[in-house]
Amino acid sequence: MDENNTVSRRKFVGGVAAAAGVMGLMPTRNLFAQTARMTPRDLEIARDTLDEYDSYAKISFNENPYGPPDSVLKAMTKAFKYANRYGYPDGGITEAIAKLHGVSPDNILLSAGSGEMLDVIGTTFTQGNRKVIGVSPSYMQVYEHVTSVRAEAITLPLTADYRQPIPDLIKAAKQHYRDLGFIYLCNPNNPTGRIVTKGEVRDLLDGIPADVPVLIDEAYHHFVDNSDYATSVPYVLEGRSVIVTRTFSKIAALAGMRLGYAIARKDIIQQMRPYSMGSISAVVKWGGVAALADTESQARVKKVTIDLRQQTIGYLKGLGYESIPSDTNFFMVHLKKPVVPVIEAFRKKGILVGRPFPPMTEHLRVSIGNPEEMQRFQVAFKEIMGAASVGGSNNGR
Ligand code: PLP
């Protein structure tokens with residue numbers, strides 16, 4: 001393992017300068033500055049009026065642009081009558097999630113968004129300065145949290161085709177076994193949109209010592225349409241040291257309402273529970289129950305999202321720009337030039353696109369908005385980028 005791929009709290013340095021890194025050459029230690037927790041506030045939007053905020057095409061945070069369906073809005077509206085209560089009926093949210101996955105409620109822990117759960121897992125499993133191992137770029141909040149609390153993150157580069165290098169992860173896990181806290185696998189991965197195949201997940205779990213916890217972040221599970229992919233929940237049922245996280249922020253359109261959860265063995269959930277806040281509102285608990293029941297709405301969102309994604313990727317290809325194949329509600333397009341000024345150019349046109357994900361400094365992450373937003377994106381892309389020149393730079397892999 002190259003020391004350069006180790007990030008400690010001491011070395012945790014911010015700075016957009018990191019965005020200038022070149023993949024393969026750039027040490028990962030400076031890369032966590034592109035915080036996964038950026039909110040519109042961080043992006044200067046706080047200085048804009050609400051009308052300006054509303055006017056943006058918001059294709060930067062992998063949100064569901066359609067909002068919660070009527071069934072969920074109705075359930076949440078009804079739940080407002082509990083706004084003044086602590087001991088309110090919660091609609092049976094934990095039981096509903098357990099039933100969905102065929103596990104017991106003891107296997108479920110709720111959180112205010114899955115991001116909170118990622119922090120809980122980081123805090124729980126890095127006691128005694130244990131390390132986390134994963135890839136970069138990925139959902140960097142995991143590394144950002146553990147390095148800001150106490151521990152080290154060891155991040156491995158993606159493969160040439162932007163996939164997660166499972167044999168390398170196994171090797172690193174064995175090498176650092178003595179002080180390894182947990183492994184992080186984002187499946188599908190954010191920001192690349194690529195899956196880890198079901199065979200690769202099995203290889204990983206079979207290839208590492210059985211007691212190493214593996215956090216498998218399935219935030220984008222609901223958008224996957226790929227027979228090589230499978231959820232890792234069955235590994236929990238098998239009794240493995242696997243923790244699967246899910247969120248209601250993406251397909252269920254409840255990002256602003258904050259609800260997520262972990263599925264794991266009962267003893268693992270008990271280990272994590274003391275670190276969880278449990279600060280989840282009555283309203284979103286009822287909304288979550290209704291969302292789980294409304295599979296029709298989710299199927300509609302999935303279909304329209306995939307259709308728009310493929311149409312947009314096709315349009316960009318027509319202009320000469322290749323995109324990384326995606327199984328999520330976002331994708332990355334190779335610009336063949338630095339992404340930072342392009343992000344700013346989009347912003348000037350009222351379009352918020354993804355932040356930089358070093359070391360992929362020539363890739364732009366585009367979330368799939370609604371049809372009108374994607375139309376605005378396509379028009380703006382052509383104006384900003386024009387048709388691609390043949391060849392171009394090749395450092396954006
Ligand atoms: N995991 C991944 C891979 C994400 O992309 C996100 C948000 O974008 C999260 C977790 C956290 O989302 P939330 O806290 O809204 O559940």
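**Figure 1. Asn 62 sits in the loop between β2 (57-59) and α2 (70-79).** Helices (H or I, at least four residues) and strands (E, at least two) are DSSP runs, numbered from the N terminus. Phi of Asn 62 is near 55°, a positive value in a residue other than glycine. Asn 62 counts as buried because it has 22 C-beta neighbours inside 10 Å. Here a residue is buried if 20 or more other C-beta atoms lie within 10 Å of its own, exposed if 12 or fewer, and partly exposed in between; C-beta atoms are placed from the backbone. This is a predicted model: local features need pLDDT of at least 70, side-chain atom pairs count only at pLDDT 80 or more, and totals for chains, interfaces and linings use all residues. Residues are numbered from 1 along each chain as its sequence is written.

**Figure 2. The protein chain has 13 helices and 12 strands.** The chain holds 397 residues, and 49% of them count as buried. Take the contacts between residues at least 6 apart in sequence: 75% of them join residues at least 24 apart. A contact requires C-beta atoms, placed from the backbone, within 7 Å of each other.

**Figure 3. Strand β4 (residues 131-136) is mostly covered.** Six of its six residues are buried. β4 pairs in the parallel sense with strand β6 (residues 180-186) over three bridges. Two strands pair if DSSP finds at least two bridges between them. Lys 131 has Leu 180 in β6 as its bridge partner. β4 also pairs with strand β5 (residues 153-157), in the parallel sense, over five bridges. There, Ser 136 stands opposite Pro 157. β4, helix α5 (residues 141-149) and β5 make a right-handed β-α-β unit. Right-handed means that, with the strands pointing away from the viewer, the path from the first strand over the helix to the second runs clockwise.

Figure 4. Pro 137 lies in the loop between β4 and α5. Pro 188 belongs to the loop between β6 and α7.

**Figure 5. Helix α6 (residues 166-175) has buried residues Ile 166, Leu 169, Ala 172 and Ala 173.** They cover an arc of only 120° around the axis, which puts them on the same side of α6. The arc is that of the directions from the helix axis to the C-beta atoms. The buried residues of α6 pack against β4, β5, β6 and α7 (198-207). Exposed Pro 167 and Gln 175 are on the face turned away from the buried side.

**Figure 6. Strand β12 (residues 363-367) is covered on both faces.** Five of its five residues are buried. His 363, Arg 365 and Ser 367 lie on one side, Leu 364 and Val 366 on the other. In a regular strand the side chains alternate between the two faces of the sheet. Strand β10 (residues 330-334) runs antiparallel to β12, joined by five bridges. His 334 stands opposite His 363.

**Figure 7. Helix α12 (residues 339-348) buries Val 339, Ile 343 and Phe 346.** Seen down the axis, these buried residues fall within an arc of 60°, so they line one face of the helix. They pack against β11 (351-353), β12 and α13 (371-385). The face turned away carries exposed Pro 341, Glu 344 and Lys 348. Gly 350 follows α12, with a positive phi near 80°. In the loop between β10 and α12 is Lys 336. Phi of Lys 336 is near 65°, a positive value in a residue other than glycine. Lys 336 counts as partly exposed because it has 19 C-beta neighbours inside 10 Å.

**Figure 8. Tyr 315 is in helix α11 (residues 295-318).** Tyr 315 counts as partly exposed, with 16 C-beta neighbours inside 10 Å. Tyr 315 and Gln 378 are 63 residues apart in sequence. In space they are 7.7 Å apart, C-alpha to C-alpha.

Terms used:
Contact = placed C-beta atoms within 7 Å.
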